[in-house]
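Please look over the sequence and the model shown below. A short report accompanies them.

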Amino acid sequence: MFLRYLGQRLVFAGVALFGAILVAFLVAHLVPADPLALVLSDTATKDPSIRATYMKRWGLDRPLPEQFLVYLGNVAHGDLGESFTTRRPVLRDLAQFLPGTIELSLAAFAVSVVFGVPLGVWAALRHNRLADHAARLISLVGAASPIFWTGLIALYIFYYVLRWAPGPGQLDPHLARPPVVTGFLIVDSLIAGQVPAFLSALWHIVLPALVLGWFIMGLTARTTRSALLEVLKADYLRTARAKGLDEGRVIGLHALRNALIPVLTITGLAFASLLSGAVLTETVFAWPGIGRYAVTAATRLDYPAILGVTLLTAVIYISVNFVVDLLYGVLDPRIRV
Amino acid sequence: MRQSRSCRSGRSRLFALSAALVLPILAATGLWNTPVQSQSRQETLIIVRNIDDFVTNDPSRQYEYTAQMLDQSSYDTLVTVEAPDFTKIQPKLAESWEISKDGLTYTFHIRGGVKFNSGNPMTANDVRFSLRRLKYLEDNPSFFMDPVKDIAVVNDTTVKITLSAPDTSFLAALAAPPTGILDSKTVIAHGGTDADNAKTADKATSWLNEQSAGQGPYRLTSFRKNEQAVLERNPGYWGPKPYFGKIVFIHVKDGTTQRQMAERGEADVAQDFDPDIVAKIPPGAKIKVVEGLSMNQVYMALNTNPQVSKELADKRVRQAISYAIDYDGIIKGLARDAGVRPPAMFPIGVLGADTSMARQRDAAKAKQLLAEAGYPNGFPVKMNYWTAPLLGLPPEPLAAKLQADLGALGIKVTLEPKERSVMITEYRQGKPQLMLATWSPDYLDPHPWADAFYRKGGPAAKRVSYDNAKAVDLVAAGDRELDPKRRAAIYKDLTQVALDDVPFIMLIQPKSFVGVNPSIKGYAIHPIWFVTLSKLSR
């Protein structure tokens, strides 16, 4: 039963991935620019054979449908092509930048949940009172402020003026990076036993996580609040109170658990969007991640990198949605796959 | 009534969770705030800059900004040029050289006792291999070897290079990082080749992207794209031992953040300063601003092709435009006086560039020329530019200013910005009527500029369909002339032709600004590779 469900999901995933690549491919090639414009220097345009070499090397001299089929064939073998900008396999680029994004996403997500859910609960329980308005204001400011602005202001106040936070980057510049085992700096430094690097990495993630987390927290808090408000009207809560259950258990065990389902949907999507990269946060805090890689690929018309990032993002969303669907089953026994 | 156990344990769980989050943070505060002024920090130089432009570290392929600096420190060249006189060629790997009377044969005497990072001794063979590989890879910098017909090894310490025609700029080309000498044995071991088919057969680049096969004062020990690069002192270097044992480049995109890091002492050098950032440095801040003249150019291209713009095809119209521009207003107002303006597309600092020849604004003359050409009431025209900064200058105010200046003549300019990749494509296809663009030095000799802008079919001249036989002759003559005085005169003649034809209008040659920790000594801005890292000390 579950296997059939899994099979179905895999088929749909395949179709979605194909669609994503096709759209990305078409749109990238629709841009009226020469992909070699930013690869060839001005003086290199003197020699047509330089251009011809690059065209041949990257298969750009073949007709579009053939390029697409060649790309699909390569992907099936795990070859995502060579990036025009980094001149390295795209897979290697993604492997370098994805762990940084995952670390930042987990940290920001944790911040948004740890602060956002209690804030939303608090606001719902004090509906239409001062606390509720304060909570809604905090959420709104977080979600509405442009994140590069929040980031730069945070850097200015906490790094430059107050000296509480470290500067941009993942690690103090004069500390050596631990050898790569998982790609996650915090984990790798623990494995290597390099305590100063571990603490420095932990410390460096605080400010970007708080900034990015605040941005997402707005969403988490508001969703929790509105979902809980809906559930608080339910009759079964009256029954629970009538049975003698104390208020903490009524809210915590019954109300919240039922409110979490829409919260899970929204925060799942938010987590997936975090994983696809937070280009502004990454830029402000010099954090190596997928967001910056994706934007650079798009502006430099780096076809393989664009397609690689699209593929990765599609895989992320598909996976996160799948996990969310499974978690529904955990939260609500009525929804079992 | 009865206290719910889950309630109390819930609260204590919450307390434990917050403690678990807060305590490590507090601990880290303590550790992080300890100033790290150990011996290793003193001897480490930390540079922050935007290293987004990086593509490769292979000297025979690199043609971007950051890599020039990295490669210049890892791979020595035969000769070099240094501050303050960039026209003087100085020996480096080549102790001495002779040039034949006809200017066709260069014989270099290589210094002995130089060892590569691998321990292999450097010989004339490595010189031949590296220069041939540069030529046959047929990548961005390969044009440096265009004048070369043959490279021969006479003996272990002598190389003879024969040119197909006399080229006075050749020595200047040999000072630039793409002509760095590589360890041929190591490069070949990793798939490199200098054969005629190197462009498809050579596979050494990915290895060279992360380690050096050179003999320079430093070698590359770590490179993470868009994050960090680390250079470490080469223990076997033949020349004077550089002060810094380790140089770390950290990628930080924003100039203001770079400034904050430099002021805090976290970075020693912040390389992406512009006049606005310099103006905002608070008095008493612990940072020293080093100023130097770059040889970059911000210019406007005017298309001479009648099919693109019949008005601009008339040189009187182009001259009128060149008289209408408020050059001083642009430099003083938009660039905060942080720039100079040579008369034509030769930057100040190379032979033959003379600021006194620069055209000044003359609104009356502009109107008169326009009327003579038959457009007393002006005409409509489009100005293109890309939406990224022009060498640090925001393009929008510049375009708006030019629009206003031309508008005073009655020329109705429509601004049409586009994304950089699209704009460069169109510019290379020769489509824009007026175009704002930039140019950076290839090597420090007037010839590459003359060739690019004034020879018919040169990379920039082509885009505006510039075709003047006299200019072509002067470009060739300047390249052949061995006597510097006569050469300077030729380039001055070429400047006059350029001022008459006006295919390009030079707007700003910007100054470079770098923020440096006051303890750093010896920082001098170099127009090609930004700074000679081995000369820095604390």
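Predicted model: local features only at pLDDT ≥ 70, side-chain atom pairs only at ≥ 80, totals over all residues.

Residues are numbered from 1 along each chain as its sequence is written, and chains are lettered from A and ligands numbered from 1 in the order in which they are written.

**Chain A**

Chain A has 13 helices and zero strands; helices (H or I, at least four residues) and strands (E, at least two) are DSSP runs, numbered from the N terminus. Its C-alpha atoms fill a box of roughly 85 × 55 × 40 Å along the principal axes. Of the 337 residues in chain A, 41% are buried. A residue is buried if 20 or more other C-beta atoms lie within 10 Å of its own, exposed if 12 or fewer, and partly exposed in between, with C-beta atoms placed from the backbone. Among contacts in chain A between residues at least 6 apart in sequence, 70% join residues at least 24 apart; a contact means that the C-beta atoms, placed from the backbone, lie within 7 Å.

A:V180 sits in the loop between α6 (147-161) and α7 (185-191) of chain A. A:V180 is partly exposed because 14 other C-beta atoms lie within 10 Å. From A:V180 to A:T150 the separation is 30 residues in sequence and 32 Å in space, C-alpha to C-alpha.

**Strand β13 of chain B**

In β13(B) (residues 297-302), six of six residues are buried. B:Q297, B:Y299 and B:A301 lie on one side, and B:V298, B:M300 and B:L302 on the other. The strand pairs with two others, where pairing requires at least two DSSP bridges:

| Partner of β13(B) | Bridges | Direction | One bridge pair |
|---|---|---|---|
| β17(B), residues 434-439 | six | antiparallel | B:V298 with B:T438 |
| β18(B), residues 504-516 | four | antiparallel | B:Y299 with B:M506 |

**Helices α16 and α18 of chain B**

Two packed helices are described by the angle between their axes and the distance between the axes. For α16(B) (residues 446-454) and α18(B) (residues 484-501), the angle is about 25° and the axes are 12 Å apart. Axes are lines fitted to C-alpha atoms, for helices over the stretch in contact, and angles run from 0 to 180 degrees between N-to-C directions. The two helices are therefore roughly parallel, a term for angles under 35 degrees. B:P446, B:A450 and B:Y454 in α16(B) meet B:Y491, B:L494 and B:A498 in α18(B).

Definitions and conventions
Contact = placed C-beta atoms within 7 Å. Parallel < 35°, antiparallel > 145°, perpendicular 65-115°, else oblique.
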